[in-house]
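Please examine the following structure with attention to its charged pairs, its surface and its pockets. The paragraphs after it take up these topics in turn.

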Amino acid sequence: MTNNDLLLAISDIMEAKMEPLRKEIQQTKTELHSEILKMKNELRTEFKNDINELRAEFKNDINELRAEFKNDINELRAEFKNDINELRAEFKKLEDKLDNVAAALQKQIAKNEKAIIQNTKDISNINILLENEVMPRLRNIESCYVATSNRYISSINQIESIQSDVDVLKNVVAEHSVKLQKIS
């Protein structure tokens, strides 16, 4: 496998690991946006329904209870304002949370991008190290090994010849030993 193949494989792995994170971020963002829109629509519908109900009641009773309802209407207005202010505060909290989540996701994406850049630099440094230091040393080791191996291979014939000579010498020494013992 070549260095380029390794780089491509590592790049593919990193891309594969990043893709689920991107999808999850996008899905979370979409879900949060959808929930906020849903809540806004539900609140609008509830407010419209409540207002329509109040209008119908007021129209029926306005002539009889005008003075009595003035105080009630003022109280209701104050309550509605409080409710609206509370809802606005809740919406603001939700928006702030959404902003915080988006900021955190952006930080994580930036962090992941920095890690990818650093990993790419590290891979380049490793490739340079392999090319400049490891490969020349490996070639040197290989050449030494090959030279030594060739010497051993060429020495095998000499060793076999020496073994043959030693065997002949043993036979001659044994014969001479026997002859010397007969003479003595």
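Arginine 22 has a relative accessible area of 36% and is therefore partly exposed, a class that lies between buried (under 20% relative accessible area) and exposed (over 50%), as found with a 1.4 Å probe and protein chains only. This is a predicted model, in which local features need pLDDT of at least 70 and side-chain atom pairs count only at pLDDT 80 or more, while totals for chains, interfaces and linings use all residues. Residues are numbered from 1 along each chain as its sequence is written, and side-chain values use heavy atoms, with hydrogens and water left out.

The partner of arginine 22 is glutamate 15: the two form a salt bridge whose closest N and O atoms are 2.9 Å apart. The term denotes a side-chain nitrogen of Lys or Arg within 4 Å of a carboxyl oxygen of Asp or Glu. Side chains of opposite charge can pair when their charged atoms come close. Glutamate 15, at 42% relative accessibility, is also partly exposed.

The structure holds three salt bridges. One of them joins lysine 93 to glutamate 90, with 4.0 Å from N to O. Because these residues stand three apart in helix α1, about one helical turn separates lysine 93 from glutamate 90. Helices (H or I, at least four residues) are DSSP runs numbered from the N terminus. Lysine 93 is partly exposed at 48%, and glutamate 90 is partly exposed at 43%. Another salt bridge links lysine 92 with aspartate 96, where the closest N and O atoms are 3.4 Å apart. Both of these residues belong to helix α1, four residues apart, which is about one turn of the helix. Lysine 92 has 47% relative accessibility and counts as partly exposed; aspartate 96, at 30%, counts as partly exposed too.

What forms the nonpolar patch on the surface? Ile126, Leu129, Leu130, Val134, Met135 and Leu138 do so, with about 470 Å² of accessible area together. Such patches are made of residues with over 30% relative accessible area and no salt bridge, with nonpolar side chains (Val, Leu, Ile, Met, Phe, Trp, Tyr) joined within 5 Å and like charges within 9 Å. The areas come from the Shrake-Rupley method with a 1.4 Å probe, and for residues only the protein chains shown count as cover. Isoleucine 126 is placed in helix α1, which covers residues 3-183, and its 48% relative accessibility makes it partly exposed.

Rolling a probe the size of a water molecule over the atoms shows where empty space is left. On a 1 Å grid over the protein atoms alone, a pocket is an open set of points where a 1.4 Å probe fits, with protein on both sides within 12 Å along at least five of seven lines; lining residues have an atom within 4 Å of a point. The largest pocket has a volume of about 250 Å³, a volume being the space filled by probe spheres set on the points, which are joined across faces, edges and corners. Its lining includes Phe47, Asp50, Arg55 and Phe80. By class, this lining has eight nonpolar, no polar and three charged residues; Ala, Val, Leu, Ile, Met, Phe, Trp, Tyr, Cys and Pro count as nonpolar, Asp, Glu, Lys and Arg as charged, and the others, Gly among them, as polar.

Phenylalanine 47 is found in helix α1 and is partly exposed at 28% relative accessibility. Its C-alpha atom is separated by 40 Å from that of proline 20, 27 residues apart along the chain.

The second largest pocket holds about 210 Å³ of space. Among the residues lining it are Ile25, Lys29, His33 and Asp99. This lining divides into seven nonpolar, three polar and two charged residues.

Key. Helix = DSSP H or I, 4+ residues; strand = E, 2+ residues; numbered from the N terminus.
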